[in-house]
2 protein chains.
Amino acid sequence: MTLPHRPVRGSQTGRPIMALLDLLGRRWAMRILWELRQGPLVFRSLQEACGNVSPTILNTRLKELRQAALVTLEQGKGYRLTPLAAELVELVHPLNDWAQRWTDALGGDYENP
Amino acid sequence: MTLPHRPVRGSQTGRPIMALLDLLGRRWAMRILWELRQGPLVFRSLQEACGNVSPTILNTRLKELRQAALVTLEQGKGYRLTPLAAELVELVHPLNDWAQRWTDALGGDYENP
DNA sequence: ACGTGTGCTACTGTTTATGTAGCAACCAAT
DNA sequence: ATTGGTTGCTACATAAACAGTAGCACACGT
């Protein structure tokens, strides 16, 4: 796992932002955080929310996210964002609006290819 | 390539935010945009800025980002963010501060493993 | 004892990324 | 006009990451 204070895959700067980009740049990482934004989900619910991602990779990401103190597992509740991770997701929220404008800007070029 | 209005890898919702998370969830995608935030870079400079990422994957990502209208290639200038992508990077900027707090919150636990 | 739901792993195959080398086009100076 | 540098980019072989299916061990209630 790549964490701050440790060398980061690719660039060995160890700068926090690089560690973050590295962590979030892994498949399903951001999506998992996104799907947990409105409350905890048990493993299979989270799996379904992520479009039935394979349990292999889901569990791998969850391990990483728990190591990074972004996600916790609570007995009977499921997986939950830590307060810090909840802030992170809030920061990501504006991307929603941007993505809509992005779609509009791309226009109908991809509507009927 | 995955673009809005088209099914997204994993989840077939086609929602813009999912397309975005999918695109940015690929290795080096966010990092490339990040490194271009302060002006255009030619291929090899960009490669170096990304910690000497392999040209194979760099070129693959650049193709995708250009298709997604986030990056353009200008003769003699190199690769440049589109205005829309520049806005995106601005949205990502707060992650820098968050990442610092994240590092602090993780504490010295990973300093000397 | 049975069914249900939990988190999670084993296994196999495919996809994606890495690392090295090098090409063709351009341009400037010798 | 040929050398040397830079550009964007590709081929190839190897390694790592991911995907998809099946199923285990544990806990719970009935």
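## Chain A

Chain A of this predicted model has a secondary structure of 6 helices and 2 strands (DSSP runs numbered from the N terminus, H or I of at least four residues for helices, E of at least two for strands). From the N terminus, the order of elements is α-α-α-α-β-β-α-α. Of the 113 residues in chain A, 36% are buried (20 or more other C-beta atoms within 10 Å of the residue's own; 12 or fewer is exposed, in between is partly exposed; C-beta atoms are placed from the backbone). Among contacts in chain A with a separation of 6 or more, 39% join residues 24 or more positions apart (a contact requires C-beta atoms, placed from the backbone, within 7 Å).

Local features need pLDDT of at least 70 and side-chain atom pairs pLDDT 80 or more, while totals for chains, interfaces and linings use all residues. Residues are numbered from 1 along each chain as its sequence is written, and chains are lettered from A and ligands numbered from 1 in the order in which they are written.

## Helix H5 of chain A

Ala85(A), Leu88(A) and Val92(A) are buried in H5(A). Seen down the helix axis, the buried residues of H5(A) fall within an arc of 50°, so they line one face (the arc is that of the directions from the helix axis to the C-beta atoms). Pro83(A) and Glu90(A), on the other side of H5(A), are exposed. The buried residues of H5(A) pack against H2 (29–35), E1 (71–74), E2 (78–81) and H6 (94–106) of chain A, and also against H6 of chain B.

H5 (residues 83–92) of chain A and H6 (residues 94–106) of chain B have axes that come within 10 Å and cross at roughly 175° (axes are lines fitted to C-alpha atoms, for helices over the stretch in contact, with angles from 0 to 180 degrees between N-to-C directions). H5(A) and H6(B) are therefore roughly antiparallel (an angle over 145 degrees). Leu84(A), Glu87(A), Leu88(A) and Leu91(A) make the contact with Pro94(B), Leu95(B), Trp98(B), Trp102(B) and Ala105(B).

## Surface near DNA strand D

Ser54(A), Thr56(A), Val42(B), Phe43(B) and Pro55(B) come nearest of the 19 residues around DNA strand D (near means a C-beta atom, placed from the backbone, within 6 Å). H4 (55–67) of chain A, and H3 (43–49) and H4 (55–67) of chain B, each supply at least two residues of this surface. Its residues comprise 9 nonpolar, 7 polar and 3 charged.

Notes: Nonpolar A, V, L, I, M, F, W, Y, C, P; charged D, E, K, R; others polar. Parallel < 35°, antiparallel > 145°, perpendicular 65-115°, else oblique. Contact = placed C-beta atoms within 7 Å.
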